[in-house]
Amino acid sequence: MADKYISSGVASPSGVLKTILFGILASFILPIIYIILVRLVPNIWFNAICAMLFGMGLAYFIDLGIKIGKIRNFKIAISIAIFCGLLAFYVQWVVFDTIMYSAKGFTFNLSTEDFKILLKDAFYLFTHPGVLLQEIINLNEIGTFRIKGSSTVSGGMLWLVWLGELVVILGAVLITVGNGQVTKPFSETYDRWMEQRKLVNRINYIHSKDDFLIALSNKNTDVLKHNPELLDQQNFAEVVVFELPGEQSKYINVINVDNAVDKKGKVTAKKKNLFTNLRIDNIEV
C-alpha cells in the first residue's frame, strides 16, 4: 500500500511567534470590520454570513503565519487558532460595547477628539474584562436587536444567539486552519513547503480505491497520466501534485468528480476526496 505524508511535527519558537503575531494582528483589525458590517446591515442572516467570513479571514492570517513560520505541528496550529479565535471574539465584544455605550452611537461622523474617546473607552474595556462582562449582561437584559415582526431579542434567546456567533466564528477558524497549510506536505530535505503543480491531471474515474493503489504499487504510471479527451460532462478524477525540484518524493491528492447534467445542459460537479498527500516515489506524473 502507498504511504501517506507524515508531518515531522516541527514547530520552532520563532515560527510559533510569527504565527501568533499574524493572528493577534488580525484579531484586532478584523473585529472592527466585522462590527461595522453587522451594524450597517442589522440582519441576522447577514450577520451569520459575516461571522463565518470573519472566522475564515482570521484563519487566513493564521495560515499565512503557519506558512511563513514553517509550522508542521497540527496540535500547535490548532492551539494558536483557538487562542486567536477567542481573542478576536473578545475584541469584537470590546468594539461592539464601546460603540453601544458611545455618546454619539454608531456613526462615521467623528472628530479627532471623539475618536480618541472611543479608543480610550475601548482600551479600558479590553483591560477590564469584569466591566465588559457586566455591560454585556446589561445589554442582554434590554436586548440589542429585534427580528422583523417580533419584539426585541433578549435574555436566554439572546445568549443563545451570542453563543451561536461564537461557535460560527471559532468553528470557521478551526475548520479552515485544520484543513489549511499545516496539512500540506513539507520537504525536510530542502526546508521548504512542497509546491502545488498548477496543472491538475484529469484521469479516468476511480471505481476501486484498492485497484488504484495496487496499480501505483506496481509502478503503473498510466493511471496518473493526464487524459485531455475527458470532457466536463463526463465523470473523471483529478490528481493534484505537490513536488519540489530535486525532491525524489511527490505527493498527490486524488479527487473523484461526478458530473450531473440537467435538462438545460447545466453541469453540476460533486467532488469526493479519495486520497490526500499520497506519496509516490520514482513515478512520473
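Student: Is leucine 30 buried or exposed?
Tutor: This is a predicted model, and in it leucine 30 is buried, with a relative accessible area of 16%. The cut-off for buried is under 20%, so leucine 30 qualifies.

Student: Thanks! Where does leucine 30 lie?
Tutor: Leucine 30 belongs to helix H1.

Student: And which residues is leucine 30 in contact with, leaving aside neighbours within four places in sequence?
Tutor: They are Phe54, Gly57, Leu58 and Phe61.

Student: You mentioned Phe54. Is phenylalanine 54 buried or exposed?
Tutor: Phenylalanine 54 is buried, at a relative accessible area of 4%. Its ring also pairs with that of tyrosine 34: the centres are 4.9 Å apart and the planes are at 25°, so this pair is stacked.

Student: Which helices does that pair link?
Tutor: Tyrosine 34 is in helix H1 and phenylalanine 54 in helix H2, so to speak of the chain, these are distant parts, 20 residues apart. Tyrosine 34 is buried too, with a relative accessible area of 5%.

Student: How many aromatic pairs are there by this rule?
Tutor: The count comes to ten. One of them joins phenylalanine 28 and phenylalanine 126, with ring centres 5.5 Å apart.

Student: Why is that pair called tilted?
Tutor: The planes of the two rings are at 55°. Stacked needs under 30 degrees and edge-to-face needs over 60, so this pair counts as tilted. Phenylalanine 28 sits in helix H1 (residues 13-40) and phenylalanine 126 in helix H4 (residues 112-127), 98 residues apart.

Student: What about the accessible area of phenylalanine 28 and phenylalanine 126?
Tutor: Phenylalanine 28 is partly exposed at 36% relative accessible area, and phenylalanine 126 is partly exposed at 29%.

Student: Which residues do ring pairs link into a cluster?
Tutor: Trp93, Phe96, Trp159 and Trp162 are linked that way.

Student: Switching to helix packing: at what angle do H2 and H3 cross?
Tutor: Helix H2 (residues 44-69) and helix H3 (residues 74-100) cross at roughly 135°, and their axes come within 10 Å. The two helices are therefore oblique to each other, and the crossing is right-handed.

Student: Which residues in H2 meet H3?
Tutor: On the H2 side they are Phe54, Leu58, Ile62 and Ile66. Among their partners in H3 are Ala77, Ile80, Cys84 and Gln92. The residues of this contact divide into nine nonpolar, two polar and no charged.

Student: And how do H3 and H6 cross?
Tutor: The axes of H3 and helix H6 (residues 155-178) come within 9 Å and cross at roughly 150°. H3 passes H6 in a right-handed crossing. The contact includes Phe74, Phe89 and Trp93 of H3, and Trp162, Glu165 and Leu166 of H6. Its residues comprise 15 nonpolar, three polar and one charged.

Student: What is asparagine 277 in contact with, beyond neighbours within four places in sequence?
Tutor: The contacts include Asp3, Lys4, Tyr5, Thr183, Pro185 and Phe242, and also Tyr251, Ile252 and Asn253.

Methods
Residues are numbered from 1 along each chain as its sequence is written. This is a predicted model: local features need pLDDT of at least 70, side-chain atom pairs count only at pLDDT 80 or more; totals for chains, interfaces and linings use all residues. Side-chain values use heavy atoms; hydrogens and water are left out. Axes are lines fitted to C-alpha atoms, for helices over the stretch in contact, and angles run from 0 to 180 degrees between N-to-C directions. Helices (H or I, at least four residues) and strands (E, at least two) are DSSP runs, numbered from the N terminus. Angles under 35 degrees count as roughly parallel, over 145 as roughly antiparallel, 65 to 115 as roughly perpendicular and the rest as oblique. A crossing is left-handed if the near helix is turned anticlockwise from the far one by less than a right angle, and right-handed if clockwise. Contact means heavy atoms within 4.5 Å. Ala, Val, Leu, Ile, Met, Phe, Trp, Tyr, Cys and Pro count as nonpolar, Asp, Glu, Lys and Arg as charged, and the others, Gly among them, as polar. Rings of Phe, Tyr and Trp (its six-membered ring) pair if their centres lie within 6.5 Å; planes under 30 degrees apart count as stacked, over 60 as edge-to-face and the rest as tilted. Buried means under 20% relative accessible area, exposed over 50%, partly exposed in between (1.4 Å probe, protein chains only).
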